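Here is a short report on selected features of one model. Please look over the sequence and the structure first.

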Amino acid sequence: MMLGFLLIEGLLTNIGGLLTLISSVPNIIVGNAAGISFVTFFIKASPYVLVATVATLLLGARLFRIGSLKSDSDRQKAAALIDSFDERDGIHSMPFFWFSTAALVAFILTIATTSITPVIRDLGMGFVAMAFAVVVLARFKHEVNEFYRAVDWDLILFFMSLFVVINVMEHAQVLALIGKGVAWMIGEGDSATGTAALLIASSVFSSVTDNIPLAAMLAKILTSLNIPGDSSLWWSVVFGANLGGNITPIGSASTLVAVTIIHKYQLKLSFGGFVRLAVPYALMQIVLATAYVLLVL
């Protein structure tokens, strides 16, 4: 049962990543390229996130045979387990906790109004994020060494190098060649066939490569094809890049972390085992996404 909870939690993380413009890196990349605002993104993506979350939970409960607690002893054990949790564990300073809470709310509100706020709209979301990070770090009175040690510098350098490679591919006309294939696939205008094909193709490629460079590459290609910002093709990339990560454990950071935790608790789950368990959920989510993009967006 623990395997089921951890697996579904990892899958739901990628669904939750579709909720806002800043929920995942592919959203930020595609949103900036298409000129989609924070509020617009939330309004258009939230209905799907709600439906897909409920559908995933119901399918998970069915496939893993997770039901309600039937006996009083089971309910008592569950209540005792919940009571043993300390919600204040890890909070070293309550004043800083509330300061961070206020900063988080202010950050979300600022991001949501970036497109209509003078000066800030010219600076962009990156400046807003860095500004709030500096304010919070300046307020936090603590040694920073432990945070520097916790930073995954290898991962940062990996993505830095990856974007360099993508830029080189652009100058070497590799992206132009791929763009011709994408243009052939999507056809003329926002055809239903082309939109669905792009979403499914994005999902498949995202399952075997990280969704961040995939989103960056497709965003550049759609921009070069002069696809308007209100086109459903942009949403095909958003949904495909996020949901494709649920097919394999290497498709996204969320599923990779979930598998790491599963192995930490010594639960047996191979690469093929993950794919076998996750494919029903991924297929359902991708089918729902395709229908949503075609019928609603």
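Which residues form a nonpolar patch on the surface?

## Surface patch

The model is predicted. In it, Tyr 148, Trp 153, Ile 156, Leu 157 and Met 160 make up a nonpolar surface patch. Together they have about 540 Å² of accessible area. Helix H9, residues 153–171, gives the most to this patch, with four residues.

Trp 153 lies in helix H9. Its relative accessibility is 47%, so Trp 153 counts as partly exposed.

## A buried tryptophan

Trp 234 sits in helix H13, residues 232–243. This residue is buried, because its relative accessible area is 1%, under the 20% cut-off.

Beyond its neighbours within four places in sequence, Trp 234 is in contact with Val 30, Ala 33, Ala 34, Ala 219, Leu 222, Thr 223, Ile 227, Pro 228 and Gly 229. Trp 234 and Val 293 are 59 residues apart in sequence. Their C-alpha atoms are 10.0 Å apart in space.

## Helix H3

Helix H3 covers residues 38–63, 26 residues in total. From first C-alpha to last it reaches 35 Å, close to the expected 38 Å. H3 bends by about 40° at Ala 45. A proline, Pro 47, follows within four residues. Just after H3, Arg 65 takes a positive phi of about 55°.

Buried residues of H3 include Phe 38, Phe 41, Ala 45, Tyr 48 and Leu 59. The cover over the buried residues of H3 includes helices H1 (2–16), H2 (25–34), H5 (94–112), H13 and H15 (271–295).

Methods. Residues are numbered from 1 along each chain as its sequence is written. This is a predicted model: local features need pLDDT of at least 70, side-chain atom pairs count only at pLDDT 80 or more; totals for chains, interfaces and linings use all residues. Side-chain values use heavy atoms; hydrogens and water are left out. Helices (H or I, at least four residues) and strands (E, at least two) are DSSP runs, numbered from the N terminus. Buried means under 20% relative accessible area, exposed over 50%, partly exposed in between (1.4 Å probe, protein chains only). Contact means heavy atoms within 4.5 Å. The expected span of a helix is 1.5 Å times one less than its number of residues. The bend at a residue is the angle between axes fitted to the seven residues ending there and the seven starting there. Patches are made of residues with over 30% relative accessible area and no salt bridge: like charges are joined within 9 Å, nonpolar side chains (Val, Leu, Ile, Met, Phe, Trp, Tyr) within 5 Å. Accessible areas come from the Shrake-Rupley method with a 1.4 Å probe; for residues, only the protein chains shown count as cover. A salt bridge is a side-chain nitrogen of Lys or Arg within 4 Å of a carboxyl oxygen of Asp or Glu.
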